[in-house]
Amino acid sequence: MQVYFLLFGALVIMSAARRNRSLDSGADLPRPVIAIDDLLSGPTPCALVDASMGIVRASPGLALLQPGLEGRSLVEAFFLNPTHSLLLPGQTIHGTYRDASAESIPVAIQLVPVAGGAASLALFFDCMAFRRADFNRLSTSPYPSLRVTPRGTISVSTRDTTALFQSPARSSLEGVSLSALFHEADWKRIEASLESCLRGDAVEPMKVVALTANGDERVELALLPDPGPDQRILGAIALIRSCKLEDGRERLKELAMETGAWRTRLAAVVHELRNFLSFDFVTFGVYSADMSAFRATYIEPATMVWPSIWVKVDQGIRLWLTEGHTWERDLSDFIAKHPQIAEDPVTRRYQAAKTRAFVTVPVLSDTGPVCSLTLCSKQPDVYDEESLALLRQLAIDQVLTTFHHEQQLELETVAREIDELVGSAESLKEAAGYLVSKLHAFFEWDHVSIVTRDRRHSLFRLVRQAHADGCAIPDNFWQRDDQGMLGLTLRENEHRTRKDRECLIVSDEKTAKAYNYQPTNPAMQSALTCPIWFNGVWRWILNIEAVELNAFHETDKDEVLRIVRTLEASLHRLYQAKLNHVILESTREGIIVVDHDGKILDANQMASERLLGTRENYGNIVTYGDDDTTRQILKGDLAAASRRLVFKPRSAAPRAVLGLRSDLADELQASVWFLTDLDTFDWNVDFRYLRTIANDVAQQTRPSLMLASAVLQKMVKEVQASGIGPKIKAFAEQAVAQVAKADITFERLAELQSIMKSPKREAKPVDLCELIEDVVASLPEYDRKNIDCEAEVKAVVLGDRSSLGFVFRSLIDYLLRCLVDDDGEKSVVEMRIRPAENEACLVLLKLSNTLRLNETPEQQGDPLWQAVNTAHIDTGVGLAAIQEIVAAHQGALKNFAGAHDPTMPGPFWTAFVVTLPLSKMVEA
């Protein structure tokens with residue numbers, strides 16, 4: 001439009017210039033022989049000039065153009081170029097003069113020699129008529145036009161321009177400053193542009209605010225040079241183009257792109273349209289994918305009664321929408337052309353609103369209309385083809401496309417809102433309430449409810465409902481689950497999956513009879529049912545009903561399915577969240593979720609209260625480690641499979657736990673710690689005790705039993721090959737020794753309880769040297785080689801030989817299992833029988849490479865730690881039973897420990913000292 005505007009102005013100016021230049025063609029004027037005095041006395045514009053171009057005499061006709069010329073210079077009076085004074089007589093020259101309005105009027109001058117003298121007769125041709133004619137051509141322009149003098153005042157204006165700026169203070173624009181027609185803020189820009197235009201510079205059109213008769217209006221002002229016949233710029237032509245349409249288009253676009261609800265923005269768009277067209281009410285709606293149905297989604301005024309359901313679209317209306325002539329001067333004529341729509345619900349609504357004329361702007365896709373906006377008036381003959389063209393020039397179809405797209409997304413927004421509400425619901429009934437309320441508010445259906453199946457009593461019962469006035473059902477509603485449309489919905493989906501579920505629609509009497517539709521309220525005539533899947537079964541049925549017939553369409557079914565699928569996913573997450581909450585809060589384990597850097601992301605109540613000591617701002621899990629080993633495990637430097645950890649909660653004493661870390665998928669970049677508080681899990685203590693005992697028993701007895709088994713197998717082969725001989729005896733002795741060694745452990749476990757009850761069953765003399773020799777002799781040969789026994793005295797004590805034998809067998813067996821190489825030197829078990837004070841003897845049993853004996857410190861730790869220690873002691877040496885036996889014999893037992901790994905259970909004992917009172921002691 002702007003390009004056309006500039007080209008039009010340039011064409012007008014070029015046309016004027018060509019017409020003025022035509023005065024130069026055939027420059028020689030007719031030269032008949034005439035009387036000079038007659039010319040100078042008549043109406044012909046002429047003057048007698050002397051050789052210096054001074055005006056000697058001017059005719060009355062010239063005086064009308066420019067009075068008072070006698071005595072003035074021709075060059076000065078008519079603004080001639082000074083070089084013209086050197087032109088030869090007979091040549092046409094161009095000049096200008098100022099009329100009463102100060103406009104520069106071009107004039108053509110030709111000098112005719114006067115016979116017999118140096119004077120010349122100057123003949124003038126006034127070009128004002130041509131300039132008026134050229135400017136009158138601008139009256140046919142679609143734009144208001146003005147001719148502006150170099151002083152910036154208006155010399156001529158078209159009739160439309162005068163009407164545009166007319167006001168009580170002025171009836172004409174001649175002599176008015178151009179700037180005065182516009183807002184004061186634009187004056188400097190207009191004056192600067194005019195100066196540039198008069199210099200011949202190119203001037204870009206500018207947006208300014210015009211002070212029109214109807215108020216302020218933004219316009220585009222273009223200033224074009226106004227040249228004379230000799231291309232001298234005499235002023236400027238001002239062309240004014242209204243920006244109302246352009247501004248309106250931009251404003252509509254801005255409103256469509258603003259934030260906020262699309263209906264609110266559409267209301268603002270409709271309000272803006274009232275600046276261009278008059279109308280009484282507006283409808284905006286969408287068409288189904290197959291264009292067979294239409295649903296109004298916006299009505300103004302909102303008080304109008306309008307069906308919010310899908311209504312069928314007649315084939316003739318579909319064609320009318322695509323043909324492009326979507327306006328009607330009178331609704332009666334339109335119904336006469338399409339009699340089949342006379343009883344249509346939408347037609348009845350138009351008639352009820354007393355609609356006469358209307359214009360519709362459909363938004364078309366490749367397959368047909370997707371949405372449309374209709375402006376309606378109660379007056380006939382209001383709209384025509386120009387009305388539709390105006391709406392399209394305002395790009396209203398693009399605006400409607402934006403709203404249509406947002407309306408499609410609105411369903412997703414509702415689905416997300418339902419997802420959030422259901423996810424935060426305290427119960428499934430509350431979740432059902434959120435669903436029906438949202439659907440009722442969004443779709444404006446008359447009745448929305450959820451019913452559940454009572455399997456025990458084979459009934460449908462109401463869960464929640466939302467409804468319009470007069471469309472409620474009793475809160476105690478029930479219906480047999482094998483009857484009606486609800487029962488049919490259940491039967492149709494009994495063997496279906498969620499992907500191929502079947503929703504039922506009752507739209508008329510035929511389908512109502514086919515589906516055995518039993519309205520929940522007598523006022524209902526249409527229904528839509530959809531089953532809802534929860535926890536592996538069809539748990540609920542969504543029941544939607546309407547007062548009108550044909551209220552539901554396949555599009556409704558598709559939209560309901562989208563909502564229901566979202567609901568099912570939300571219910572599943574709600575169920576999982578509730579289940580996880582119960583598990584996390586009920587479990588006796590502490591559960592902590594951390595990222596790969598150790599930052600605590602979440603923790604259950606047990607972990608927060610007992611192990612962390614806080615419910616917020618957890619920080620890094622490593623900071624809760626109470627020792628270096630724990631911190632290394634929590635950091636990931638050490639393996640974390642069933643490890644003992646010590647946590648230091650904030651403002652609480654350290655707590656020992658059994659920790660297990662489970663890493664989640666790589667993309668989650670997180671791990672879960674399962675932490676067992678050892679102080680609160682008695683059954684875990686007992687279980688660990690039993691497991692440790694079983695493990696130690698297996699480790700201690702399996703090698704001896706395997707060797708015994710191998711010896712016996714070999715003995716059998718030898719017997720078969722060579723008969724009974726010396727080898728058999730040796731094999732038998734080896735087998736007996738291995739079985740005897742294994743029996744030490746079984747004796748310790750089997751006799752433990754009886755020994756604890758009766759550690760000394762008799763009191764008879766027992767020779768300790770002989771007893772110890774018998775114990776050593778019962779061991780395999782390879783064990784005997786590792787024993788160094790020396791008796792400084794022969795000691796006899798009063799006691800139970802069996803119990804004392806248990807003591808020394810257990811201690812010797814334990815030390816044999818603890819033999820280690822120290823810097824290449826083989827260790828042995830040293831036994832010394834020495835005298836002691838107070839008529840007692842001392843039996844020392846120790847490892848030979850023990851340099852220093854440290855009495856075992858009191859073992860501290862949690863119950864699980866103590867259980868492991870006790871299990872190792874009971875299965876490894878039976879220390880509690882030994883102490884009972886020694887005490888029963890009025891003796892004492894001391895045990896000494898060497899260096900050992902503090903993270904491992906149990907001390908590493910390296911020596912034992914048994915002191916017993918003697919009944920008789922003889923030097924060995």
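Analyst: A crossing is called left-handed if the near helix is turned anticlockwise from the far one by less than a right angle, and right-handed if it is turned clockwise. The model here is predicted, with local features needing pLDDT of at least 70 and side-chain atom pairs pLDDT 80 or more, while totals for chains, interfaces and linings use all residues. Residues are numbered from 1 along each chain as its sequence is written, and side-chain values use heavy atoms, leaving out hydrogens and water.

User: How many helices and strands does the chain have?

Analyst: Helices (H or I, at least four residues) and strands (E, at least two) are DSSP runs, numbered from the N terminus. Counted that way, the chain has 28 helices and 38 strands.

User: What percentage of the 924 residues in the chain is buried?

Analyst: A residue is buried under 20% relative accessible area, exposed over 50% and partly exposed in between, using a 1.4 Å probe and protein chains only. Of the 924 residues in the chain, the buried share is 47%.

User: Are α8 and α9 roughly parallel or roughly antiparallel to each other?

Analyst: Axes are lines fitted to C-alpha atoms, for helices over the stretch in contact, and angles run from 0 to 180 degrees between N-to-C directions. Under 35 degrees counts as roughly parallel, over 145 as roughly antiparallel, 65 to 115 as roughly perpendicular and the rest as oblique. Helix α8 (residues 244–257) packs against helix α9 (residues 262–273) at about 165 degrees, with the axes 8 Å apart. The two are therefore roughly antiparallel.

User: And is the crossing of α8 and α9 left-handed or right-handed?

Analyst: Contact means heavy atoms within 4.5 Å, and Arg-251, Leu-252, Leu-255 and Ala-256 in α8 meet Arg-265, Ala-268, Val-269, Glu-272 and Leu-273 in α9. The crossing of α8 and α9 is right-handed.

User: At what distance do the axes of helix α14 and helix α15 lie?

Analyst: Residues of α14 that meet α15 include Leu-411, Val-414 and Leu-421, and among their partners in α15 are Leu-435, Leu-439 and Phe-443. The crossing of α14 and α15 is right-handed. Helix α14 (residues 396–423) and helix α15 (residues 428–443) pack at about 160 degrees, with their axes apart by 9 Å.

User: How many aromatic pairs does a search of the whole structure find?

Analyst: Rings of Phe, Tyr and Trp (its six-membered ring) pair if their centres lie within 6.5 Å; planes under 30 degrees apart count as stacked, over 60 as edge-to-face and the rest as tilted. By that rule, the number of aromatic pairs in the whole structure is 15.

User: What kind of pair do the rings of Phe-165 and Phe-182 make?

Analyst: Their centres are 6.1 Å apart and their planes stand at 70 degrees, so the pair is edge-to-face. Phe-165 is in helix α6 (residues 159–165) and Phe-182 is in the loop between α6 and α7 (187–198), 17 residues apart, which links distant parts of the chain. Phe-165 is buried at 1% relative accessible area and Phe-182 is buried at 0%. To name the kind again, the pair is edge-to-face.

User: What about the pair of Phe-443 and Trp-445?

Analyst: Phe-443 is buried, with 4% relative accessible area, and Trp-445 is buried, with 2%. The ring centres of Phe-443 and Trp-445 are 4.1 Å apart and the planes are at 10 degrees, so this pair is stacked.

User: Which residue lies over the face of Phe-79?

Analyst: A charge sits over a ring if NZ of Lys or CZ of Arg is within 6 Å of the ring centre and within 35 degrees of the ring normal. For Phe-79, at 5.2 Å from the ring centre, the residue is Arg-98.

User: Where is Ala-395 placed?

Analyst: Most residues other than glycine have a negative phi. Phi of Ala-395 is positive, near 55 degrees, and Ala-395 is buried at 12% relative accessible area. Its place is in the loop between α13 (385–393) and α14.

User: Is the peptide bond from Glu-300 to Pro-301 cis or trans?

Analyst: Pro-301 is in the loop between β12 (293–300) and β13 (311–312). With omega near 5 degrees, the peptide bond from Glu-300 to Pro-301 is cis.
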